[in-house]
Amino acid sequence: MSAATMNTEKPLLSVEHLTMRFGGLVANNDVSFEARAGEITALIGPNGAGKTTLFNCVTGFYTPTVGRLTLRHPQGKEFLLERMPGYRIAQLAGVARTFQNIRLFGGMSVLENLIVAQHNKLMRASGFAIAGLLGLPGFRKAEHEAVELAKYWLDRVRLTEFADWEAGNLPYGAQRRLEIARAMCTEPVLLCLDEPAAGLNPRESGELAEILTFIRDVQTPQGHRTGVLLIEHDMSVVMRISDHVVVLDYGRKISDGTPGHVKNDPAVIRAYLGEDEDEALPPEVAADLNLAQKGA
Amino acid sequence: MTTPSHAPSHPHYHINGKRPGVDWAATIKDAGLAAFVALLLTVPLVGLRTVDRPTGLGIEARPEEVIASLVLVFLGRLGLGLIRQGMALPVLILALACAGVGLVLPMPTQVLRLVLVLGGGVIALRAAMTVATGRSKLSQADRDKRMDRFAAKVQHASRYIGPVAVAFAAVLPLTPLADRMILDIGILLLTYIMLGWGLNIVVGLAGLLDLGYVAFYAVGAYSYALLAHYFGLSFWVCLPLAGVLAACSGVLLGFPVLRLRGDYFAIVTLGFGEIIRIILVNWYQFTGGPNGISGIPRPSFFGIADFSRTPAEGMAAFHELFGLEFSPLHRIVFLYYLILALALVVNLFTLRVRKLPLGRAWEALREDDIACASLGINRTNMKLAAFAIAAMFGGFAGSFFATRQGFISPESFTFIESAIILAIVVLGGMGSQIGVVVATLLVIGLPEAFRELADYRMLAFGAGMVVIMLWRPRGLLAHRDPTILLHGGKKKPVPAGAAK
Ligand SMILES: Nc1ncnc2c1ncn2[C@@H]1O[C@H](COP(=O)(O)OP(=O)(O)OP(=O)(O)O)[C@@H](O)[C@H]1O
Ligand SMILES: [Mg+2]
């Protein structure tokens, strides 16, 4: 058993028997796994394995065909995500996400993007716009706090000097970082990142890894630690920073464990290198595979 | 239309320095071709006109107009061609002369005058730009950048232009300039400005293309007319009621419709606008059908005094109350101030709400509504709020319209009204407050100033919209300033397109 699953504390997110069908196509087939607070859980698999679909189920964009998704807050509150409408999951359960193809508010400034992320908090403070329209002081204070939080995350992702830029004008890597900062401004308990390193150069993905480990390790003001669910194709990033790796292939979970365990799992190697038998494998991989099979 | 194929012989057209000479044959041929295309277009559009004869509809030819437009197109194309070939200065002088002649000398028809003035003006502008910049042709990106910079300047200047314009509008009725006609045009313009600002909330901020805004205008107008007619309620009671009823109809429409996206949404709102109008036409017993409702009470001076010479029982007369000479203009001036105040309320609301989470959520929805859901924003509620608030302002404008006219009928609430209001918003630049004012002056003011040319209104309107779509798809003054700055005035926000 891996270190991750030996942890006795209750997991932050439990995915149980998740199945998602689109007509005849089964994008997720009976997938179960757990993700913990203060850990990075990586979700890997070949193209079309169903990773984004699983994210969409967790974040409420799709309603799963079968299965149960439970989110447990550190205070003990439980949410059954599959029964909640999309925006409620972000609002109440505290699940934030980024998108595989960046979705920023391109015409708005970087700072505004981060303020919009704190919408619900501010909406309450502005008395659903009525007190705000009348210029009552409560809103002024809440907005100031929102700007402080935005500044904190801008600093973390090193975008402070770009705060007043139009988000759509940022370079690509900066847009990726801004999307993460925006998700963090919702003060989530679970952060879901869909291929955050896609399109980044090695230096930028190194910085990204730093940001992600910071998010994992830092204690939030509410006194808990954030769980990170990470879809990533860049294996160097995955192997370096994740605590726990789940591998999907054709919608099924084929492996689950520490990075070291998954790297040597023959099922994973087969999935990534094709079903053809030994002769198709490069010799060093074949040797690895044989070793792993003997060890098992 | 064809672009002149001058590339091989003249790779660059130098404005100053060595000139490669003018290729007259090709330029004239090109201008002739353009005139020919214009001929094909103008014969059916302008050259023929249906007239009502005692024997039935007849067709009348209008050759002068066709010839005038052909000459205009030919000369215009020739002018453009010559500008490109380094003759900007002579063309500028000629065009200015043309415009001057059109302005000063008496012309046989109004059309010819307009052709000379406008045509000369446009060509002169183009030539002047070339002379000033030393470049014969701007690329689309260049033009966009220039317009963006201009829009940004206007936006920043609006901090001063705004109050000056409001002050001007406020003192206008007190100046000797203010006769009945000026005030009436002022009221008309302000009504459309208010409607434009109202629709701007839905279209410009929330990014929902509403093609049926006039429905809420109608709901407001009929609310007041019917409440006054059946219950004898006064304008000041009905104004808020009309707003509430219009907002309710907005929610009623919004609830089923807001889940639709883009084009589907636009089409359903268009249908809703028509449904309201058709109900008004057909519910004869209640709404008076196509005959409309007449005798709608005029507004009183806040319920204190009446503007008529001999007010009803128990009501003071305005002129007596203030010790003035009686004048029918008092009511008009009052109406003018009323619509000015209403329009300013809408403007103030929009300016403030943009800095509140509600307004920011609207703009975020316009940018990307899926991202909004991922941030926990309740999209339906936000869109409903935009819809209801815009509808409420439309309702206010509607009841103002009813009390000003004293008579309303479904005729006043056809689709073309929605289209005009939308055109104002889009032309001005979506989301731009000052853009709406400029666009209203263009769309409503210009045709009003050239009333004699009523026949060509829609044609000019259409042509104007096509030109805007080609040159400036985002609207004349589309420029957005962030609603909150981190670095304050120290570092200026980088304008669009500066990075990368
Ligand atoms: N809304 C949908 N309707 C129908 N099929 C879908 C839908 N969304 C995803 N699919 C299908 O489900 C399968 C899994 O897609 P998914 O996007 O989850 O893959 P992925 O693991 O994220 O791949 P990638 O690494 O390329 O992003 C694909 O075959 C895809 O075509
Ligand atoms: Mg994917």
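Me: Is A:Thr52 buried, partly exposed or exposed?

Reply: This is a predicted model, where local features need pLDDT of at least 70, side-chain atom pairs count only at pLDDT 80 or more, and totals for chains, interfaces and linings use all residues. Residues are numbered from 1 along each chain as its sequence is written, chains are lettered from A and ligands numbered from 1 in the order in which they are written, and side-chain values use heavy atoms, with hydrogens and water left out. Buried means under 20% relative accessible area and exposed over 50%, with partly exposed in between (1.4 Å probe, protein chains only). A:Thr52 comes out at 26%, so the label is partly exposed.

Me: Which protein donors does the magnesium ion (ligand 2) have?

Reply: Donors are N, O and S atoms within 2.8 Å of the metal (3.2 Å for Na, K and Ca), and water is not among the atoms, so sites may look incomplete. Here the protein donors lie 1.9 to 2.2 Å from the ion, and they are A:Thr52 (OG1) and A:Gln100 (OE1).

Me: What is the relative accessible area of A:Gln100?

Reply: A:Gln100 is another of the magnesium donors. A:Gln100 counts as partly exposed, with a value of 34%.

Me: Which residue of chain A forms a salt bridge with B:Asp368?

Reply: A salt bridge is a side-chain nitrogen of Lys or Arg within 4 Å of a carboxyl oxygen of Asp or Glu. Between chain B and chain A the count is 2. For B:Asp368, the closest N and O atoms are 3.0 Å apart, and the partner is A:Arg103.
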